[in-house]
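Work through the exercises below with the sequence and the model open. Try each task before reading its solution.

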Amino acid sequence: MSSKKITFQHLASLFKVLSCENRLLILDYLIEHGTASNKQLTLALGCSQSTISENLSKLVANNMVEVHQRGPAKFYRINTTLLQNFNLLSDMVEEAGKM
């Protein structure tokens with residue numbers, strides 16, 4: 001399997017995770033604010049705690065968000081690799097446009 005195919009598979013899985021509006025709202029909030037707890041996200045986004053938890057779990061499982069324990073609370077932040085993946089995608093789109 002070529003590395004390009006692996007890259008395409010990885011990008012396809014990113015798009016699948018990003019196809020949910022609530023996950024995009026969470027990512028947007030974390031980009032803007034740096035870190036947040038589940039409670040902070042629930043209050044800021046107006047979603048139920050279970051909705052936020054479910055979507056955070058998917059973001060963490062797909063390495064888009066990192067979780068850090070501070071005492072009893074968990075705080076979430078963007079995985080910087082996510083931003084690198086978007087740069088890769090941008091480069092691929094730009095390259096395709098040159099063909």
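**Exercise 1.** Leaving aside neighbours within four places in sequence, which residues is A36 in contact with?

*Solution.* The model is predicted. Start with the location: A36 sits in strand β1, residues 35–37. Next, list the contacts. A36 touches Y29, L30, L41, K74, F75 and Y76, once neighbours within four places are set aside. Then take one partner, K74. A36 and K74 lie 38 residues apart in sequence, yet their C-alpha atoms are 8.4 Å apart. Finally, check burial. Buried means under 20% relative accessible area. A36 has 0%, so A36 is buried.

**Exercise 2.** Describe the order of helices and strands along the chain, and how many of each there are.

*Solution.* Count the elements: the protein has five helices and three strands. Now read along the sequence: the pattern is α-α-β-α-α-β-β-α. Of its 99 residues, 29% count as buried. Take the contacts between residues at least 6 apart in sequence: 53% of them join residues at least 24 apart.

**Exercise 3.** Determine how α2 and α4 are oriented to each other, and describe their contact.

*Solution.* Locate the helices: α2 spans residues 21–33 and α4 spans residues 49–61. Their axes come within 10 Å and cross at roughly 80 degrees. Angles of 65 to 115 degrees count as roughly perpendicular. Therefore α2 and α4 are roughly perpendicular to each other. Now name the residues. From α2 come N22, R23, I26 and L27; from α4 come T51, I52, N55, L56, K58 and L59. Sort the residues of this contact: five are nonpolar, three polar and two charged.

**Exercise 4.** Two residues of α3 are K39 and T42. Which is buried and which is exposed?

*Solution.* Helix α3 covers residues 38–45 and includes K39. The cut-offs are under 20% for buried and over 50% for exposed. K39 has a relative accessible area of 61%, so K39 is exposed. T42 also lies in α3. Its relative accessibility is 17%, so T42 counts as buried. Now look at their surroundings. Not counting residues up to four places away in sequence, T42 touches C47, S48, Q49 and I52. The C-alpha atoms of K39 and Q49 are separated by 7.1 Å; the two residues are ten apart along the chain.

**Exercise 5.** Examine the backbone at N63: what is its phi, and where does the residue lie?

*Solution.* Begin with the rule. Most residues other than glycine have a negative phi. N63 is not a glycine, but its phi is positive, about 60 degrees. Check accessibility: N63 has 52%, so N63 counts as exposed.

**Exercise 6.** How many aromatic pairs does the structure hold, and which residue lies over the face of F75?

*Solution.* Search for ring pairs: the structure holds zero aromatic pairs. Then turn to the face of F75. R70 lies over it, 4.3 Å from the ring centre.

Conventions
Residues are numbered from 1 along each chain as its sequence is written. This is a predicted model: local features need pLDDT of at least 70, side-chain atom pairs count only at pLDDT 80 or more; totals for chains, interfaces and linings use all residues. Side-chain values use heavy atoms; hydrogens and water are left out. Axes are lines fitted to C-alpha atoms, for helices over the stretch in contact, and angles run from 0 to 180 degrees between N-to-C directions. Helices (H or I, at least four residues) and strands (E, at least two) are DSSP runs, numbered from the N terminus. Angles under 35 degrees count as roughly parallel, over 145 as roughly antiparallel, 65 to 115 as roughly perpendicular and the rest as oblique. Contact means heavy atoms within 4.5 Å. Ala, Val, Leu, Ile, Met, Phe, Trp, Tyr, Cys and Pro count as nonpolar, Asp, Glu, Lys and Arg as charged, and the others, Gly among them, as polar. Rings of Phe, Tyr and Trp (its six-membered ring) pair if their centres lie within 6.5 Å; planes under 30 degrees apart count as stacked, over 60 as edge-to-face and the rest as tilted. A charge sits over a ring if NZ of Lys or CZ of Arg is within 6 Å of the ring centre and within 35 degrees of the ring normal. Buried means under 20% relative accessible area, exposed over 50%, partly exposed in between (1.4 Å probe, protein chains only).
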